[in-house]
Amino acid sequence: MRFGCCASARLYDYVAEAGYDYIEIPGRELSELSDEEYEAIKEKILSGPIPCIAVNAYAKAEPKMVGEGFDRTKIRDYAELIMFRASALGVKTVGIGAPGIRKLPEGYDKAKANEQAKEFLTITAEVAAKYGITILFEQVHKYMCDFGTDIDGVYNIVEELDIPNLKMVVDFYHLKPTGESIDCVKKYISRTVHLHTSGYGEGYSRPQLTDKDYDELKYIFQTVKSLGYDGTFSNESDNSRFETEGREALDVIKRAYADAIRPNYTVRSWKGVSPVIPESCTIFENCSIYGNVTFGENCVVMPGTVIRAEMGKVVIGDNTNIQDMCCIHTDTYENADVIIGSNVTIGHRALLHACTIEDNALVGMGAVVLNGARIGKGAMVSAGALVTQNAVIDDGMLVVGMPAKVRREVKDSEIKEMEETIAEYRETAEEYIK
């Protein structure tokens, strides 16, 4: 995810020095620049260390999006000016919040305003398309304007128009005055390509982000990441003291983001050797994975499991599931490895110590498999069984008891159940992480 700052072009150097990835400048400022002023800003941005990829604050009071004074010619002419100048700066998105163009006289026909807004967005998007720019419609809370004050209404317009270069920007600040939940973004994420936020102060002010905003930021990042969002995120706070506060705000954003995406399980290296966990694996909360541990693809490790490898190594094959509260440990002498094959199920609270579990086997709940033991392919260790040191269980056999003894061959129905367990745990993991 890239982090930017909504700020006047006059603050470009400060924004760059603070470490932001890009600047997002106001459209209203862009529209008011003389040609000479614009060229100077363009030169600074195009030769500077960070790009300008977005425009916010589209307009001050004109052209009207809704209400008296709605003028199609003014809408198109203004869009031409903004899109021409923005595209030359490298801008890819132009946000339309602009509360000053969304105010209605008392008693104004809301249905008429709705049609005006759709026409405004259609004209603006049409102009923007010529410049390769996407228009972003934004909710603005009801204490700032009279139209587009609820995010659901904004979404419905974008959905109805269904214009390829018309999307949404979600500003989490605007959700707060009316008590809308951060979680509501789940409904709108398919149409959302950009995010804003800021602090929230008295009188609906937007103070700079500080440590007190950390928890909310972390939750925002956890939410949008869970939805697959990995786009841009801009700090749209009051920049009147940016020189002293802007860097601190970015630090809070980055710490919150890092903590939001950090796995909720513990991974530690042992003498420079770190666990290898492919992205296709799902490791749940409160697991601890230490040292020379290597997973195959599509493994599932349920909460509370500990896997440790110091002198030896732990190697786990593809599609294996290790259920809650298991303990898997190499011994403290060399080559005391734990080798677990593919398509293996390790039941709740099982303990595996310096042993080998071959492909398609199952170790039942609470079972213990000790040093040097080998569980053959497709074999089953019953719940609570104790497989003693150096014991060898042949392929396809069921063992039970303490110490474990062979009872019989594994039945075809049991083989089918083991296969189903592997698939069920993969599906369970995918459902939890949606």
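Q: Is Asn-286 buried or exposed?
A: This is a predicted model, in which local features need pLDDT of at least 70 and side-chain atom pairs count only at pLDDT 80 or more, while totals for chains, interfaces and linings use all residues. Residues are numbered from 1 along each chain as its sequence is written, and side-chain values use heavy atoms, with hydrogens and water left out. Burial is judged by relative accessible area, with buried meaning under 20%, exposed over 50% and partly exposed in between (1.4 Å probe, protein chains only). Since its relative accessibility is 62%, Asn-286 counts as exposed.

Q: Where is Asn-286 found, and what is its phi?
A: Helices (H or I, at least four residues) and strands (E, at least two) are DSSP runs, numbered from the N terminus. In these terms Asn-286 has its place in the loop between β10 and β11 (288-295). Although Asn-286 is not a glycine, its phi is positive, at about 65°.

Q: Which loop holds Asn-390, and is Asn-390 buried or exposed?
A: Asn-390, which is not a glycine, has a positive phi of about 65°. Its loop runs between β24 (386-387) and β25 (392-393). With a relative accessibility of 52%, Asn-390 counts as exposed.

Q: How are α3 and α4 oriented to each other?
A: Two packed helices are described by the angle between their axes and the distance between the axes. Here axes are lines fitted to C-alpha atoms, for helices over the stretch in contact, and angles run from 0 to 180 degrees between N-to-C directions. The axes of α3 (residues 35-47) and α4 (residues 72-89) come within 9 Å and cross at roughly 30°. Angles under 35 degrees count as roughly parallel, over 145 as roughly antiparallel, 65 to 115 as roughly perpendicular and the rest as oblique, and α3 and α4 are therefore roughly parallel.

Q: Which residues of α3 and α4 meet, and how many of them are nonpolar, polar and charged?
A: With contact meaning heavy atoms within 4.5 Å, Asp-35, Tyr-38, Lys-42, Ile-45 and Leu-46 of α3 meet Phe-84, Arg-85, Ala-88 and Leu-89 of α4. For the classes, Ala, Val, Leu, Ile, Met, Phe, Trp, Tyr, Cys and Pro count as nonpolar, Asp, Glu, Lys and Arg as charged, and the others, Gly among them, as polar. By class, the contact of α3 with α4 has six nonpolar, no polar and three charged residues.

Q: Which residues touch the most other members of the largest nonpolar core?
A: A nonpolar core is a set of buried Ala, Val, Leu, Ile, Met, Phe, Trp, Tyr and Cys residues joined through side-chain atoms within 4.5 Å. The largest such core has 85 residues, and those touching the most other members are Tyr-58 and Phe-221.

Q: Which residues does Phe-221 touch, not counting residues up to four places away in sequence?
A: With those residues left out, the partners of Phe-221 are Met-1, Phe-3, Phe-233, Ile-253, Ala-256, Tyr-257 and Ala-260.

Q: What distance separates the side chain of Thr-223 from the backbone oxygen of Tyr-219?
A: Thr-223 is found in α9 (residues 214-226), and its relative accessibility of 4% makes it count as buried. Not counting residues up to four places away in sequence, Thr-223 touches Ile-182, Asp-183, Val-185 and Lys-186. The side chain of Thr-223 reaches the backbone oxygen of Tyr-219 at 2.8 Å.

Q: Which backbone nitrogen lies 3.1 Å from a polar atom of the side chain of His-174?
A: His-174 has its place in α7 (residues 172-175) and is buried, with a relative accessible area of 4%. Leaving aside neighbours within four places in sequence, the contacts of His-174 include Glu-138, Met-144, Glu-180 and Arg-206. The backbone nitrogen in question belongs to His-141.

Q: What separates the C-alpha atoms of Ile-283 and Gly-304?
A: Ile-283 is found in β10 (residues 282-283) and is buried, with a relative accessible area of 11%. Beyond its neighbours within four places in sequence, Ile-283 is in contact with Tyr-265, Ile-277, Ile-289, Phe-295 and Val-301. Ile-283 and Gly-304 are 21 residues apart along the chain, and their C-alpha atoms are separated by 9.9 Å.

Notes: Polar contact = N/O pair within 3.5 Å; in protein donor to acceptor, adjacent residues only side chain to side chain.
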